[in-house]
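I opened the notebook to log what I looked up in this model. The entries follow in the order of my checks.

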Amino acid sequence: MKMNVNLLKLSALFLALPLTANATENELVEQGKYLAKLGDCTACHTIDEGQANGGGLPFTTPFGIVYSTNISSDEEFGIGHYSLEDFTDAMRDGIAPKGNLYPAMPYTSYHLLKDHDIEALYRYFMSTKPVKQENRDNDLMFPTNIRMGLKAWNLVNHDSKVFEANADKSEKWNRGSYIVNGLGHCGECHTPRDVMFAMDQSRHFEGELIGGAEASDITPKELNRQGWTKQDLDDVLRKGYSRKGTVFAGMYPVVFHSFSHLTKDDMSAVTSYLLDNDGEVAAKSDTFNGHDKSDPGYDLYKGYCAGCHGINGEGKPNVSPALIANATIDKAIPINTLSVMLNGVEEQRYSHTHGFYAMPSYRDTLNVKQLTELTNYIRKVWTKQPSDLTESQVQEWVDKIEDSIADAAH
């Protein structure tokens with residue numbers, strides 16, 4: 001699913017220069033098509049058995065289920081009857097012609113979009129194939145099922161301010177910030193929520209547990225500590241795998257539908273912003289501290305992990321990723337290490353020739369003592385993280401993972 005060369009060139013041209021009143025309708029549509037990929041719109045507004053942009057995808061919240069809506073050009077069920085002003089209000093303030101939208105639609109990020117990009121998106125969606133698919137009713141508890149309450153929520157939690165460049169940063173950095181915080185809406189998953197379930201901007205990008213896995217800490221401080229380079233980020237966002245490991249859980253479709261379509265310049269801007277560095281970033285030396293066969297975790301690793309990941313954690317091409325330099329295991333709190341042990345990982349196919357086998361779940365195989373020993377051993381051999389986790393700590397994290405899975409299922 002790659003954009004053709006002409007479209008890439010066209011997109012790059014329009015991203016470099018703001019759209020003007022002289023832009024043709026076709027140019028606006030092509031620009032909007034590219035921007036819609038950046039926003040991951042189709043992925044959230046399309047169900048497996050449905051037509052593109054027809055809506056109906058469920059989003060589980062603590063208050064019940066919100067279903068994505070039909071955003072095709074159909075005038076009865078979609079947004080074909082929207083004016084540009086209607087569309088702008090929905091994108092910036094979460095206000096549609098029929099009332100307030102739930103912030104499962106990330107207008108809390110999209111408000112940053114500039115007028116010319118909103119117009120390009122509008123022209124694109126008005127050009128899409130109309131889908132005669134009726135919207136599903138949300139299944140929310142009282143009083144969250146009353147949309148009027150969203151007016152108060154927005155008053156307290158939402159700022160509809162358009163993106164403003166940081167004068168102390170470069171044009172490239174600002175472009176990356178615009179993509180990541182705006183259409184990319186990365187903060188919606190990677191930023192913890194406060195008591196009102198709004199993004200806690202004081203903890204911007206510090207990570208959040210969603211559906212049994214952590215949307216990782218992607219602050220420049222953490223990414224630089226882990227030794228990510230721009231090429232590593234380019235690889236993982238464009239291909240789904242890199243020297244630093246692979247994406248899994250909710251990030252896999254984001255790569256497939258959205259970030260894999262970025263132009264070279266836009267990806268460079270994104271990586272510059274995420275690392276807070278316009279220059280090249282040198283790779284750090286990999287950590288391999290050697291095996292300790294007297295450690296109880298050694299036999300667990302050899303028995304359950306080495307067959308795919310290699311005895312020295314080198315990984316196997318098209319089978320499993322390496323543990324050497326793997327960012328998932330190099331975290332202060334090993335939520336995702338435990339998550340993949342408990343839940344496994346589905347097969348990941350990145351192309352016809354590249355991908356990794358599924359990893360089995362060890363939920364019913366390893367007890368908390370074994371999970372603790374294995375996690376400590378992995379940290380001891382391939383990271384500089386402390387390897388003295390206790391069973392009570394691991395049990396607490398396992399409980400959090402299970403609670404997160406339960407929340408996502410209801």
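**Entry 1: Asp295**

Is Asp295 buried or exposed? I find Asp295 buried, at a relative accessible area of 17%. I use buried for under 20% relative accessible area, exposed for over 50% and partly exposed for what lies in between, with a 1.4 Å probe and protein chains only.

This is a predicted model, where local features need pLDDT of at least 70, side-chain atom pairs count only at pLDDT 80 or more, and totals for chains, interfaces and linings use all residues. Residues are numbered from 1 along each chain as its sequence is written, and side-chain values use heavy atoms, with hydrogens and water left out.

I place Asp295 in the loop between helix H13 (264-275) and helix H14 (296-304). Helices here are DSSP runs of H or I with at least four residues, strands are E runs of at least two, and both are numbered from the N terminus. The side chain of Asp295 reaches the backbone nitrogen of Gly297 at 2.7 Å. Leaving out residues up to four places away in sequence, Asp295 touches Tyr377 and Lys380. Contact means heavy atoms within 4.5 Å.

**Entry 2: salt bridges**

I searched the whole structure and got 19 salt bridges. The criterion is a side-chain nitrogen of Lys or Arg within 4 Å of a carboxyl oxygen of Asp or Glu.

Asp115 and Arg92 pair at 2.7 Å, N to O. Asp115 lies in helix H6 (residues 115-127) and Arg92 in helix H4 (residues 84-93), so this pair ties together parts that are 23 residues apart in sequence. Asp115 is exposed at 55% relative accessibility. Arg92 is buried at 12%.

Next I took Arg225 and Glu222, with closest N and O atoms 2.9 Å apart. Both sit in helix H10 (residues 220-226), three residues apart, so about one helical turn separates them. Arg225 is partly exposed at 36%, whereas Glu222 is buried at 14%. I also noted a network: salt bridges that share partners join Asp74, Glu76 and Lys132.

Arg203 and Glu206 form a salt bridge at 3.5 Å between the closest N and O atoms. Arg203 is partly exposed at 37%, and Glu206 is partly exposed at 35%.

**Entry 3: domain 1 against domain 2**

The domain assignment, which is automatic or from a database, gives domain 1 (25-157), domain 2 (171-275) and domain 3 (296-409). Over C-alpha atoms, the centres of domain 1 and domain 2 are 22 Å apart. Each side brings 21 residues to the contact.

How much area do domain 1 and domain 2 bury between them? I log about 1900 Å², with 65% of it on carbon and sulfur atoms. Buried area is the accessible area (1.4 Å probe) that two parts lose on being put together, summed over both. In domain 1, Tyr34, Lys37 and Leu38 lose the most area to domain 2, together 28% of what that side buries.

I count zero salt bridges between domain 1 and domain 2. On the domain 1 side, the elements giving two or more residues are helix H2 (25-38), helix H5 (107-110), H6 and helix H7 (149-157). H2 gives the most, with four residues.

Technical notes. Polar contact = N/O pair within 3.5 Å; in protein donor to acceptor, adjacent residues only side chain to side chain.
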